[in-house]
Amino acid sequence: MRSIEAVLTFDFARRGGNIFAVTMLAMIGVPLWIYSSLGHSYLLAPNSREGVVMHVTLTLTMGFGAAVAVFQAQGRIARFFSQPISAARLVAIQMTLGIATIAFMYVGTAAILNLRGTGWPLLGPALFLSATLACALAAIWSCEGSVLSQLLGCVATSGPLVIWFSRCYGATLMGDWQVMWQSPSMEESLTLGAIIAGAYVAAVFGVARVRQGDVCDFTALQAWWQRLSTSHHAAPSFRSPLEALRWFEARRTYNFVPAYLIALLLLAMLILRCGGWLDTPMMFELMMTLPLTALTLVLPLIFGILFGNCSHGQVWATMNQGIATRPVTDSLLATTMLSNAAIALLRSWGTWAIVVALVALLAIALGFREELLRALLLPEGSNWTHRLAPVIILPLISWTIAGLMMSLTATGRQWLWSLVLIGGFSALIFFVVIQQYVSPPQFRLLVLGWYAVSGTCYVAGTAWAFVEALRKRVISSGRVIASLAAWLFSVILLAAMPLPPPSEDIAWLIHSVGILALSILPLAALPLAIRWNRHR
Amino acid sequence: MSETVIDIRGLTRQFGKKAALHDVSLQVPRGCVFGLVGENGAGKTTLIKHVLGLLRAQVGSVRVFERDPAEDPVGVLSRIGCLSEDRDLPDWMRVDELLQYMRAFYPSWDDRIADELCRRFELDLRQRVGTLSRGQRARAGLVTALAHRPDLLVLDEPSSGLDPVVRRDILGEIVRTVADEGRTVLFSSHLLDEVERVADRVALVHKGRIVVSDSLEQIKSSHRRFTVRFAQPQYSPPQLQGALACTGEGQEWTFLANGGSELLRRTVADHGGTIVDESAPTLEEIFVSHVK
Amino acid sequence: MQLRISVNDGVPIYQQIVNQVKYLVAAQRLEPGEALPSVRKLAEQLVVNPNTIARAYRELETAGVIVTRRGAGVYVSEGGSPLARGEQTRILNERIDVLLAEARQMNVDLDTLIELIHKRSRRLPATSSTGESS
């Protein structure tokens, strides 16, 4: 008979296998890519300030990612409550597994990165990450029943630890890190060890309490909120299936959220400025750049995944039967989802534009005209294309990412996800590693080759998708023609625009043409994905 | 309208290495209440998913209203009312919103039926679906399935986990549906007494194969239960030709025979026994005998 | 009309309905000319397939217990059919068999039994004779 330890370890490995592989690849790939794209060797000197900043930021981000992977792999601890195992033993096993995983992930990543000479310390951050994970696990297990208290517990326990970690690198609080924390002193190691032990004990008590059913939940509060938020207006009436589906998608995906998030972000900046923590030029700069990053990259990624998820729970489960049995065509479902995403993105971009415009007007009215103009001023040598290009390109990128993520999620196949993620990160690592072994001209050739090949693949893939979609009759020929026309028009526009180098490179042009093709790909890929998911 | 609503021929379905359905053939005529019976995991839900177009036929063909449900979801699903085991109703919707939402998809939706059913089931229109009890959620699902007067009602384990009151409501609606001209019902259940009450035709699914498929009348009349008293006590179950199952001990044994009861009578005489009782077995006994 | 259907009886459902309707007619709980519920209504009431009800009604009609009037529904047939009387006799015979078996077990002879029946009959209040003389 297998021991309980073996069973739990096996369960952890089975659930976490894919996730850990992907996370590990990301943890290795992203820093490698950042380091190599920064290029200059002085940045990598372990004792340079920039090197320290890179290390701390990357460690914290990767630690967060690894912790999420561990949570996913372990699942809810309540799964094991009906097994004949004491709380102490259960917590010991689960905590050990989690700590071992995160420590191994960090040490492995740091060791590989140190091959490039980044000089990351091994023991200190590993101990810190273990202690933080232990506390976070303790908080999550003890506060089972209310996501809010779990979140608060996590933040309350890991917050101080993160600040302490940051101070080890010479900062007063956060941000102004000075030196590398080479190795932990005896007191520091013992303190961290004691924290882990304390987290263990707290977790045992918490889990024992939760197991008895003594969960902290806010059902009364939730019920009150539900009563309050249940709208008392009449149910809407729909004139067509399309209207009904649109309403359903909008409500199901909470498509007002991205716009609200942008608004909150801008509001936060405004408050910081008014409170004096931020000066006006800084605020303008932030308002121009940070939301743009969010709108172009982060939000489409996250919400593309959320919007494309047609199932009840896990992103890669089969389509929700309530949706699948609606007497509508696959293409109508796809159209609804696409228009839903488009509306959400438009709202977010619009929110940003409107709020920034309002703030600008306010600034002018209050006499901050100089700072505003300086923030808006573009570098020398730019012409109107430089001003116009971002306005068109950034929303396009935003739409493309959202559309592609939606199509990927809508297939409902987990293996496809793993394939794409592993493939992407592997390619990243490959390029970074290759850069070590080939001379710069050869590397440049390789990159150009990659651009040309990938651009061609994008166009070929899009063409295939449209042909398949036409064959399977999930897209109307009118839509195909319109998409084709739009793509051709954009290609012509690209060729006609006077852009600065490296646009003269044919490879780069091919790649851009491919990216433009990707922006119309969702129109064919999403209906195909839905058809593939709905009729298995 | 054709006489066969559902026509399944030679359907085989593999999930990885496991064969969920093996060479299944089934015809559901119009106006019939078709009961699909079998243990959990026998393949009933897989079969129903094929009818709804959620699964494509890997081998064989599935035709509902003479169309392929996977290729023509609009044509087929607009005439089907379905209630799934998972009760995939969105939790955040109110009941009246749910009705309005479903209404948009079916031109044949009848508001009066919807209102009458809501009244009869005592559904609170203002309540969110997520806060409804299990039975009420089943009733709400039933209203959305019935209000558009579907030509085919498909129910996958409609009574699972429900109390007798709700079960009676569901059965009552099945009866009411088929009492209307030309409407058909396909339902799967492992509650055999329900099936006996309302089904016209019954098929037993076991490990992905159809073991018995016939009208209920035929199944019940062709199976007989015999109690035999032997002259000598038998220490192991006597093997009699024509018997599907046997229980008992000592001198008295009970056999279940299908069809060839003449053969059984002769064999009984050969073994030195006399038939002391003969009766009609319950559907449960019949099916257990086929499965074991 | 109160009917009870039991699925596990061993007796087919339509047969149970036929028997119970015959009993009700014989016991005068269904009067001649009284309307019976339609197939649909009875199916809904008993939660039984309408085809089963239809079959039961067909058998009852063949037996002459009920009659279908086109467009108007199903009614108990008029004027004590001989089968209704036959049903009555059958029921009484059942009761008598039980009584005789019990009497034999208690070693009470037939004459004593008949005497007892007379005694109990005198104790009953005078009622008009139910049913026609047979």
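Me: How many residues does the contact take from chain C, and how many from chain B?
Reply: This is a predicted model, where local features need pLDDT of at least 70, side-chain atom pairs count only at pLDDT 80 or more, and totals for chains, interfaces and linings use all residues. Residues are numbered from 1 along each chain as its sequence is written, with chains lettered from A and ligands numbered from 1 in the order in which they are written. Two residues are in contact if their C-beta atoms, placed from the backbone, lie within 7 Å. The contact takes 12 residues from chain C and 18 residues from chain B.

Me: Which helix gives the most to the side of chain C that touches chain B?
Reply: Helices (H or I, at least four residues) and strands (E, at least two) are DSSP runs, numbered from the N terminus. Helix H2 (39-46) and helix H3 (50-62) of chain C each supply at least two residues of that side. With three residues, the most is given by H2(C).

Me: What is the order of the open sheet of three strands in chain B?
Reply: Two strands pair if DSSP finds at least two bridges between them. Strands S11 (243-258) and S12 (273-279) of chain B each pair on one side only, as edge strands. Eight bridges join S10 (residues 223-234) of chain B to S11(B), and these run antiparallel. The order is S11-S10-S12.

Me: What angle does the direction of helix H9 of chain B make with that of S11(B)?
Reply: Axes are lines fitted to C-alpha atoms, for helices over the stretch in contact, and angles run from 0 to 180 degrees between N-to-C directions. Helix H9 (residues 261-270) packs on the sheet and touches S10, S11 and S12 of chain B. Its direction makes with that of S11(B) an angle of about 155°.
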